[in-house]
Amino acid sequence: MDSLNRSSARTSSDNQLLIQTLTPSSQAPLLTLAKRIAEAGCNLADARVASLGADTSLTLLATGSWDAVAKLETALAKVARDEDLRLSFYRTGPREHHSHLLPYLIEVISADRPGILVKIIDFFDRRDIVIEQLSSLRYQAMQTGADMFQAQITIGIPAATHIAALRDDFLEFCDGLNLDAIMDPVKF
């Protein structure tokens, strides 16, 4: 854990603990963990819950004073033993702000086939565009029963990038793969 413990000169509210679990959906420990965070004197700064197959994934970010985070670490170790769940946690730091990156939302829908997401990720990676968030799923169309693919991706585009040219390249890329896509600025 020492390599993951990025301690530095921090203010009392900069102490952060990243907590991740994977459990069967019927045993998702969101309430248990939220209570432990509050009881330790920490705040739940960010929470992500996702159902994947028959399981639920939780990613939580707790913040607090150094001693409150230490107390939470002890409580989490006990929760992991008592409730027999897959739990990992480590100290992290505040997210770096990249004011030179413009947030854009990508939405893609198409007939499902292997490798679509890999090709989309590769498109942005080759252009040094950061993927901030990604959510994708496979489903059957209600009307036809066709296997479909959908992805929502939030990217960070360097401010020096010519947006219209990137949009044209992306839409041409999607047309070549027969993907229906949009690329819009994040408006909040």
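Visitor: Which strands does H1 lie across?

Guide: This is a predicted model. In it, H1 lies across E1, E2, E3 and E4. Its direction runs at about 10 degrees to E3.

Visitor: And H2, what does that touch on the sheet?

Guide: H2 packs on the sheet and touches E1, E3 and E4. The direction of H2 makes about 165 degrees with that of E4.

Visitor: In what order do the strands of that sheet come?

Guide: The order is E2-E3-E1-E4. Those four strands form an open sheet, and the pairing is antiparallel. E2 and E4 stand at the edges with a single partner strand each, so one side of each has no neighbour in the sheet. From one strand to the next, the twist averages 15 degrees.

Visitor: How many bridges join E1 to E4?

Guide: Seven, with the two strands running antiparallel. For a pair to look at, take Gln 20: its bridge partner in E4 is Ser 88.

Visitor: How many residues of E2 are buried?

Guide: Zero of its ten residues are buried, so E2 lies largely in the open.

Visitor: Back to H1. Which of its residues are buried?

Guide: H1 spans residues 30-39, and Thr 32, Leu 33 and Ile 37 are buried there. Seen down the helix axis, the buried residues of H1 fall within an arc of 135 degrees, so they line one face.

Visitor: What's exposed on the other side?

Guide: Leu 31, Ala 38 and Glu 39 are exposed there.

Visitor: What covers the buried face of H1?

Guide: The cover includes strands E1 (15-24), E2 (43-52), E3 (55-64) and E4 (86-92). Helix H2 (66-83) is part of the cover too.

Visitor: What follows H1?

Guide: Gly 41 does, with a positive phi near 90 degrees.

Visitor: New topic. What are the domains?

Guide: The domain assignment gives domain 1 as 15-92 and domain 2 as 101-185. Their C-alpha centres lie 31 Å apart.

Visitor: Okay, domain 2 then. Which strand does E5 join through eleven bridges?

Guide: E7. E5 covers residues 101-111 and E7 covers residues 147-158, and they run antiparallel. Tyr 104 has Ile 155 in E7 as its bridge partner.

Visitor: How many bridges are there between E5 and E8?

Guide: Six, in the antiparallel sense, with E8 at residues 180-185. Ile 106 stands opposite Met 183 in E8.

Visitor: Which residues of H3 are buried?

Guide: In H3, residues 116-125, the buried ones are Ile 116, Ile 120, Phe 123 and Phe 124. They cover an arc of only 90 degrees around the axis, which puts them on the same side of H3.

Visitor: What do they pack against?

Guide: The buried residues of H3 pack against E5, E7 and helix H4 (163-176). On the other side of H3, Val 118 and Asp 125 are exposed.

Visitor: I'm looking at Asp 128. What is its phi?

Guide: It is positive, about 55 degrees, although Asp 128 is not a glycine. Asp 128 lies in the loop between H3 and strand E6 (130-140).

Visitor: Is Asp 128 buried or exposed?

Guide: Exposed, with a relative accessible area of 64%.

Visitor: And Asn 178, where does that lie?

Guide: Asn 178 is in the loop between H4 and E8. Its phi is positive too, about 60 degrees, and it is not a glycine. Asn 178 is exposed, with a relative accessible area of 64%.

Visitor: Last thing, confidence. What does pLDDT average?

Guide: The protein averages 88, and 92% of the residues score at least 70.

Visitor: Where does pLDDT stay under 50?

Guide: Over residues 1-12. The model has twelve contacts beyond four places in sequence for that stretch. Where pLDDT is low, the predicted coordinates should not be read in detail.

Terms used. Residues are numbered from 1 along each chain as its sequence is written. This is a predicted model: local features need pLDDT of at least 70, side-chain atom pairs count only at pLDDT 80 or more; totals for chains, interfaces and linings use all residues. Side-chain values use heavy atoms; hydrogens and water are left out. Buried means under 20% relative accessible area, exposed over 50%, partly exposed in between (1.4 Å probe, protein chains only). The arc is that of the directions from the helix axis to the C-beta atoms. Contact means heavy atoms within 4.5 Å. Domain bounds come from an automatic or database domain assignment. pLDDT is the predictor's confidence in each residue, from 0 to 100. Two strands pair if DSSP finds at least two bridges between them. Axes are lines fitted to C-alpha atoms, for helices over the stretch in contact, and angles run from 0 to 180 degrees between N-to-C directions.
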